[in-house]
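Me: I have a structure open here and would like to talk it through before I set anything up. Could you look at it with me?

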Amino acid sequence: MFRKLVSKEFLIEWRQKYAINGILLYLATTIFITYLSLGVQRGLIHPLTWNSIFWIIFSFIAINAIAKSFSGDEKRQQLYMYSLVDPQLLFAAKSAYNILLLTVFGLISFVFYSFVMGNPVANTPLFLINLVLTSVGFAAILTMVSGIASNAENTATLMAVLSLPIMVPLLLLSIKISKAAIDNFEILLVWKPLLSIFALDIIIVVVGLVLFPYLWRS
């Protein structure tokens, strides 16, 4: 059943290609405008500025990508899923799909952003590990918040208001680790922040699995 639910998410996204295309267009436009606004040549941007702008862009891409995770479902479909599927299984399936989606968008963002703005990252494996762990946490947080915001109007606005305060601790750790990757720190030297992000991911997923059934019943 879990695999079928994840496949359903892929199928719906494939039928509604405009959503993915819109996010890719948003990504390309944001990076290009950033490049024009800073007015610097490729590779000459300060590493701290590069790092900060990357995570700002990725955070808003994550919110826009998962905003319709539940609100995109019709009421009849939600009632059908309510009677057919265990809510924890549904949350796990949507979270798994959103993790894959955010990981792909994160990698695309990193490649395109590096191509346009230059790449000051000296330890790329550390940066990518940090990106994947952050994608897991963001996906779990935003999937939960999407379920809360699905019954309200202006879902995207409510998503941003509810999710950003929760995402801040995870975002601060991500910025710290990516700064270490830019400075060419070895993974062993930043194992504590990496472990903290991993622990936060586990806590977020567990809390989501525990609380989502109560939200789903409402």
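Me: Which residues does Trp50 touch, leaving out those up to four places away in sequence?

Reply: This is a predicted model, and in it Trp50 touches Ile45, Phe110, Tyr113, Ser114, Met117, Gly118, Asn119, Pro120, Val121, Phe127 and Ile182, with residues up to four places away in sequence not counted.

Me: And which residues touch the most other members in the largest nonpolar core?

Reply: That core has 45 residues, and Trp50, Tyr113 and Phe138 are the ones that touch the most other members. The elements giving two or more residues to this core are H2, H3 (47-66), H5 (87-117), H6 (124-149), H7 (155-182) and H8.

Me: Which of them gives the largest share?

Reply: The largest share comes from H3, which supplies 11 residues. There is also a second, separate core of five residues, and Val85, Leu90, Phe91 and Met144 are among them.

Me: OK, stepping back, how many helices and strands does the chain have?

Reply: The protein chain has eight helices and zero strands, so listing the elements from the N terminus on gives α-α-α-α-α-α-α-α. Of its 218 residues, 44% count as buried, and among contacts with a separation of 6 or more, 85% are between residues 24 or more positions apart.

Me: What about the surface, how much of it belongs to carbon and sulfur atoms?

Reply: The accessible surface of the protein chain comes to about 11600 Å², and 69% of that belongs to carbon and sulfur atoms. One nonpolar patch on the surface is formed by Trp191, Leu195, Phe198, Ile202, Ile203, Val206, Val207, Val210, Leu211 and Tyr214, which together have about 980 Å² of accessible area.

Me: How many residues apart in sequence are Ile197 and Leu173, and what is the C-alpha to C-alpha figure?

Reply: Ile197 and Leu173 are 24 residues apart in sequence, while their C-alpha atoms lie 6.9 Å apart in space.

Me: Switching to Ser178, where does that one lie and what does it touch?

Reply: Ser178 lies in helix H7 and counts as buried, because its relative accessibility is 0%. Apart from residues up to four places away in sequence, Ser178 touches Asn51, Trp55, Phe127 and Asn130.

Me: Helix H2 next, what can you say about Thr34?

Reply: Thr34 lies in helix H2, which spans residues 17-38. Its relative accessible area is 13%, which is under the 20% limit, so Thr34 is buried. Thr34 touches Ile53, Ile57 and Met117, again not counting residues up to four places away in sequence.

Me: And Thr29, what does its side chain reach?

Reply: Thr29 is also found in helix H2, and its side chain reaches the backbone oxygen of Leu25 at 2.7 Å. At 36% relative accessibility, Thr29 counts as partly exposed.

Me: I care about charges as well, so how many salt bridges does the structure hold, and which side chains meet there?

Reply: The structure holds one salt bridge, in which the side chains of Asp183 and Lys179 meet at 2.3 Å, N to O. As background, side chains of opposite charge can pair when their charged atoms come close. Asp183 counts as partly exposed at 37% relative accessibility, and Lys179 is partly exposed as well, with a relative accessible area of 28%.

Me: Last one, what is the phi of Asn184?

Reply: Asn184 has a positive phi of about 65° although it is not a glycine. For context, most residues other than glycine have a negative phi. The place of Asn184 is in the loop between H7 and H8, and at 44% relative accessibility Asn184 counts as partly exposed.

How values were computed:
Residues are numbered from 1 along each chain as its sequence is written. This is a predicted model: local features need pLDDT of at least 70, side-chain atom pairs count only at pLDDT 80 or more; totals for chains, interfaces and linings use all residues. Side-chain values use heavy atoms; hydrogens and water are left out. Patches are made of residues with over 30% relative accessible area and no salt bridge: like charges are joined within 9 Å, nonpolar side chains (Val, Leu, Ile, Met, Phe, Trp, Tyr) within 5 Å. Accessible areas come from the Shrake-Rupley method with a 1.4 Å probe; for residues, only the protein chains shown count as cover. A salt bridge is a side-chain nitrogen of Lys or Arg within 4 Å of a carboxyl oxygen of Asp or Glu. Helices (H or I, at least four residues) and strands (E, at least two) are DSSP runs, numbered from the N terminus. Buried means under 20% relative accessible area, exposed over 50%, partly exposed in between (1.4 Å probe, protein chains only). Contact means heavy atoms within 4.5 Å. A nonpolar core is a set of buried Ala, Val, Leu, Ile, Met, Phe, Trp, Tyr and Cys residues joined through side-chain atoms within 4.5 Å. A polar contact is a pair of N or O atoms within 3.5 Å; within protein, one must be able to donate a hydrogen and the other to accept it, and residues adjacent in sequence count only if both atoms are side-chain atoms.
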